[in-house]
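Visitor: Could you walk me through this model before I set anything up with it? I'd like to go topic by topic.

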Amino acid sequence: ADGRNWAFSYSGSTSCFDVIHAGTFYLAVGFDNNQGKAVIQTSTNGVTWTNQFTAAAGGYSFLGVAQGAANFVVVGDGNRSVVSANTSATTAWTASTVLAAGTTRFNGVAYRSSGACFVAAGAGGAVATISDSALAGSASATWTTQTTGEGVTLNGVSNASDGVYFAGGAGVILRSTNLTASSGTFARVVNPTSVASPTISFNAGRAIDGQLYAVGSGGTILRSSNGLTYSAVTSSGTTNALYGVLKQGGTFFAVGDAGTILTSADGAAWTPIISGNGGSNSAANLRSIGYLNGQFVVTGSGGTILTSETGASNTWTSRATGAAGTIYGVAYGLVGTIGTYVAVGGNGGTGPSGIGYIYTSIDSGSTWTPRPFGSNSTLRAVVFSQGTFTIVGHDGSILRSADGSSWNFVHSGAYTHLV
């Protein structure tokens, strides 16, 4: 209810892959691990769940669900779909086996209200459509196979006011602005192969001066003015992976592996600078950069924290933390009248094998004090807002502190990594 305290809802032995809120109830789809079959479940309160449909045969899962004006549609692997015309979704589910010839898996489905049709997306760039009225509660109705021109797997589909969007492998995003139950055209709005290798891993992004900047492997820096189409800078000046980007005082900065710090006056042409103060680079793999309380602060592997008042080449001072692992982030806030930096990190491990760090500094980052927090989990990010430091990390960790010294866990109900 508040985004801070989370509770698990137990749906039995089911692995759930998609869930929607359908007005007066929730509808979840997935795979029952005990039965080895695809299932559909409903709940009126999100806590207790009732099984409504179990596939007759095993070996496949339901992966996506959507609600139309008259029907619900569920899709999955094994080229399967089921349909219900019952507005309560509790009875009258009808099974089908084929959405589109030659397709083995549909990962998601959406309802396009302007075209009154369902849109399913899946393996091999497959898109299949059917009108809500044609289904009439019968999964035997014929779906139309659309030609997308894509070979990548489409992992998700979503309807928006300006079209239907499809998220796919290799960073591809497709959009159709005229899709109906019987026809449509498709175009890439994010086309990584036109600007860089499709094997790029993107590590960080930031909105700067009305543009979106994304940085990643191989020294890649992409820019976009609308979030739909991206172009690569001519040269970043490095092939090292980049993990952070920032603009401060009219200058762009990016940081990455092997002590890489890049600067740019316009965000297009980038120049490597020396990330030390003795004529040589830091040896650390750098993971974040911020401008905090009048100075630049960069974090990285080997417990690295670098500071510089100007951000210029050869002006970066290494600050000792005593940490052996990586410092992933740092924040600054006033604790009463005392300016306090909080840095977080760890060795990347989980559970008992993890080692997490919290360090604080009240002397502009010159010296750092370790702070216990009662867990081994690696911590990945920290912010200061409304008088409180908040940290997230591995194993579902969320911690809060008003002073940076004493920390309280907030139960997230999750055991995945929060980054």
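**Cysteines, confidence and a pocket**

Guide: Let me start with a cysteine: Cys16 has a relative accessibility of 42%, so it counts as partly exposed, since that value falls between the 20% and 50% limits. Please keep in mind that this is a predicted model.

Visitor: And Cys117, buried or exposed?

Guide: Cys117 is buried, because its relative accessible area is 0% and the buried class takes in everything under 20%.

Visitor: How many disulfides does the structure hold?

Guide: The structure holds zero disulfides.

Visitor: Switching to confidence, what does the chain average in pLDDT?

Guide: The chain averages a pLDDT of 85, and 86% of the residues score at least 70.

Visitor: Where does pLDDT stay under 50?

Guide: That happens over residues 193-198, and for this stretch the model has ten contacts beyond four places in sequence.

Visitor: What's the lining like by class?

Guide: The lining of the largest pocket has 16 nonpolar residues, together with six polar and three charged ones.

Visitor: Okay, backbone next. Which phi does Asn293 have?

Guide: Asn293 has a positive phi of about 50°, although it is not a glycine. As background, most residues other than glycine have a negative phi. Asn293 lies in the loop between β25 and β26 (295-300), and β25 is the strand that gives the most to the lining of the largest pocket.

Visitor: How accessible is Asn293?

Guide: Asn293 has a relative accessible area of 47%, which means that it is partly exposed, as exposed would require over 50%.

Visitor: What about Asn314, what is its phi near?

Guide: The phi of Asn314 is near 70°, again a positive value in a residue other than glycine. Asn314 is found in the loop between β27 (304-308) and β28 (317-319), and its relative accessibility is 32%, so Asn314 counts as partly exposed.

Terms used
Residues are numbered from 1 along each chain as its sequence is written. This is a predicted model: local features need pLDDT of at least 70, side-chain atom pairs count only at pLDDT 80 or more; totals for chains, interfaces and linings use all residues. Side-chain values use heavy atoms; hydrogens and water are left out. A disulfide is a pair of cysteine sulfur atoms within 2.5 Å. Buried means under 20% relative accessible area, exposed over 50%, partly exposed in between (1.4 Å probe, protein chains only). pLDDT is the predictor's confidence in each residue, from 0 to 100. Contact means heavy atoms within 4.5 Å. Helices (H or I, at least four residues) and strands (E, at least two) are DSSP runs, numbered from the N terminus. Ala, Val, Leu, Ile, Met, Phe, Trp, Tyr, Cys and Pro count as nonpolar, Asp, Glu, Lys and Arg as charged, and the others, Gly among them, as polar.
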